[in-house]
Amino acid sequence: MKLERLKLPVALLLSLSATAEAAPLNNSQLENAWYKDAQARLNQRLEAAQKSPNAKNVILFVGDGMGVSTLTAARILEGQKAGKSGEEGYLSFESFPYTALVKTYNVDAQTPDSAGTMTAMMSGIKTDAGVIGVDEDVVRSDCSTVAGNEVVTALELAEIKGLSTGVVSTARITHATPAATYAHAADRNWEDNSDMPAAAQNDCEDIASQLINFEKNLEQRYSGIDVNGIEVTFGGGRRHFLPKDSAYNSGDQVSSTEGDRTDGRHLINEWKTQYNNGVYVYNQSEFDGINTETTERVLGLFNESHMRYEADRSNDTAGEPSLSEMTQKAINILNNNDKGFFLMVESGRIDHAHHAGNAYGALNETIELARAVKTATENTNPEETLILVTADHGHVFTIAGYPKRGNPILGKVVGVNSGTPALANDGQPYTTVGYMNGLGFRDLGNETDSDASYDDPADAGRKDLTSVDTTTSGYHQEALVPLSSETHSGEDVGIYATGPGAHLVSGTHEQSMIFHIMNHAGGLSDTDNAQ
Amino acid sequence: MKKIVIAWFNLLLMSVISFPLLAQEVCSVDADTLGAHYTRKIISADQKNVQEVQFELWRNGGQVAHVHPQDKITEIWNKTASGQIRPVRYFDQDLRAIEYAPDDIQASADMLDWQIKYQLVSAKVIDKLKKIEEKNNGCATVHVYSGRIGTSEIIIEWLPYTKLVKYFSVKNPSSNESWTLTKQIMSAEKIAAVFRLRESYQSTDYADIGDNETDPFFQKIIKLGFISHGASGFYDDMGHPLDGDHHH
């Protein structure tokens, strides 16, 4: 039996070899578009493998909750918006030469959260769910366990090396993913002092305060270093930086009192005092007015909480920049440093739209992230800039059924050679994309805020979609298990890489490997300044 | 018919014009800062089911609170700079809150009507009724309205200076519901305390619920359900939800 199993591959190989000799590649095959496309990609890889691993700049893009099914569906939607079938296209970063799979679990959780996963990416160690920039020895929400368990981040190493640094997110800038670049906390929810237990407020510093005190704190932690602080910070979350007093409202707030801080501190003013040459902006026009050649440092807080969804952005009172606009502005400021820069860009609201069960929102956020990555590739030198694009975790979002080629990805399944929606065993049509759990069905028409459904209870299970337009922005897909919010998933996510060191991205990695790739390629810890 | 409509409009216009003068002369109450306690009673048509619940309406400047003591849930709304209404839901037993964005309330135009939050009854409803009596007595002046909307027979006793419903009754084939004002609070200190207490709760942004699924509070609230949009007020001129349904 064993011999027979060995014989078969050998015979097959000989047969293929004989076939190749008898019928070499002919022109129709060589000129075939599929063939040429694949060959061009092979050539790209061969060329990239020869390049130097030393990256002057490192940019890490994180699509929060951007699992593989999200990428596939977003790719199709992007193509269909351009009038194509969609399946044949690539999101900008899917054309990068190197790809790998990433295992996302946390030390204490099979299905992870953003705090533990981003800590892994930024610090090279896996840790527990819900904690920021600390190792697994920390007990969540226990301030007394933080001291001594803080881990250094890639952004901190870049600072110590003398690079310029930037953090950009469409979520609150104190939210788990951006926070893991600069903060160390026993709980991701400690975004300002009012979020912390009274006992913890004396001995632990809230996340917003850590952002403002980043330079001072880093110099205290590593004696002898001299850093100059984060140059670019763009995101939402103003409420964590303002006193709980309506006198400090920005005018763009939705709450009666915008600020949440109960310690009376006005962190934006503290930042301005600390950095006389710093520019603070809070709306689109001020953002547009930033001169990237003369501005050394900028803090942009564009929303009281998370920034608007891309599909909903035009509804903001004061105006908010897009992720791609923020990316471009950030790069143009950071590249003024000849030593190079480290930049983390998060598309934070892919995750939120999925949690709300709104595929339209999640896919449009993903398409905007792809736009931001394209902006980065167009505004950096590929010979000296490592660009990584990945996700912290996936969502329970699926592409199912047997829709024909070019069928609207947000539509109902219409089978091959059919012109009408396929019917399930219950006699009802069904959509191609859907969720395993969550709030379930909503038909909100042209609503562009994915969170517009949180005020109603879950409505899981099958619905009659016969007369429902499932491609609208306000449609929320059916879900099987009723939950107050759709959940993360535990499967691997993809990572896409280009530039010096990108060839290290191959195979299946623990998520903590991402730090090591950035550190190696960027030489982040190779510094005389570090102690 | 046309003459009657015009006459009714003129009467309404005259009453609107005369209110500020009367208010200055006989009543200086601040309608934007007050508290009002109500007893809500719902009796089924067959008289077999009687439900009685308490309800509190509070106003504090640009904020309005609806307190549901039995459910231990409070909802507070504020107007944003863009004129939208922004809700925060407070869970009084858990000392927790969920903050929603202004666009998050998925509801009819009436639900987005600030009047409904502010005074429980929309001007559209009052406009459809006939004023049958006016008892002038300073701040306690009462206007009584009556009429039919759809299948509902409605009576409203209206306090024009405080913009409060003193009594509301709706009878329809399925039930008989009444709201009775039991107490008015004008103490600015007591009113501020109602809002201050809730602001001290630990709050979570609606969009962050998904990242906190393991929080026992969020695991619990999905079982608790939600305050229905028709639970605090008697609303629009289309008949819903004047039937007294109370979904919790």
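Begin with chain A and chain B together: the two bury about 2800 Å² between them, with 42% of this area on carbon and sulfur atoms. Buried area here is the accessible area (1.4 Å probe) that two parts lose on being put together, summed over both. Within chain A, select A:V254, A:Y454 and A:D455, which supply 23% of the area that chain A buries against chain B, more than any other three residues.

The model is predicted, so that local features need pLDDT of at least 70 and side-chain atom pairs count only at pLDDT 80 or more, while totals for chains, interfaces and linings use all residues. Residues are numbered from 1 along each chain as its sequence is written, chains are lettered from A and ligands numbered from 1 in the order in which they are written, and side-chain values use heavy atoms, with hydrogens and water left out.

Next, display the contact residues (heavy atoms within 4.5 Å): 37 residues come from chain A and 29 residues from chain B. The interface of chain A and chain B holds 5 salt bridges, each defined as a side-chain nitrogen of Lys or Arg within 4 Å of a carboxyl oxygen of Asp or Glu. Select A:R172 and B:D208, whose side chains meet in a salt bridge at 2.6 Å, N to O.

Now colour chain A by pLDDT, the predictor's confidence in each residue, from 0 to 100. The chain A average is 92, and 94% of the residues score at least 70.

Move to A:T117 in helix 5 (residues 114-123) of chain A; helices are DSSP runs of H or I, at least four residues, and strands are runs of E, at least two, numbered from the N terminus. A:T117 counts as buried because its relative accessibility is 0%; buried means under 20% relative accessible area, exposed over 50%, and partly exposed in between (1.4 Å probe, protein chains only). Leaving aside neighbours within four places in sequence, A:T117 is in contact with A:T104, A:N106, A:P112, A:D392 and A:Q511.

For a contrasting site, select A:M436 in strand 11 (residues 433-438) of chain A. A:M436 counts as partly exposed because its relative accessibility is 43%.

Residues 24 or more positions apart account for 50% of the chain B contacts with a separation of 6 or more.
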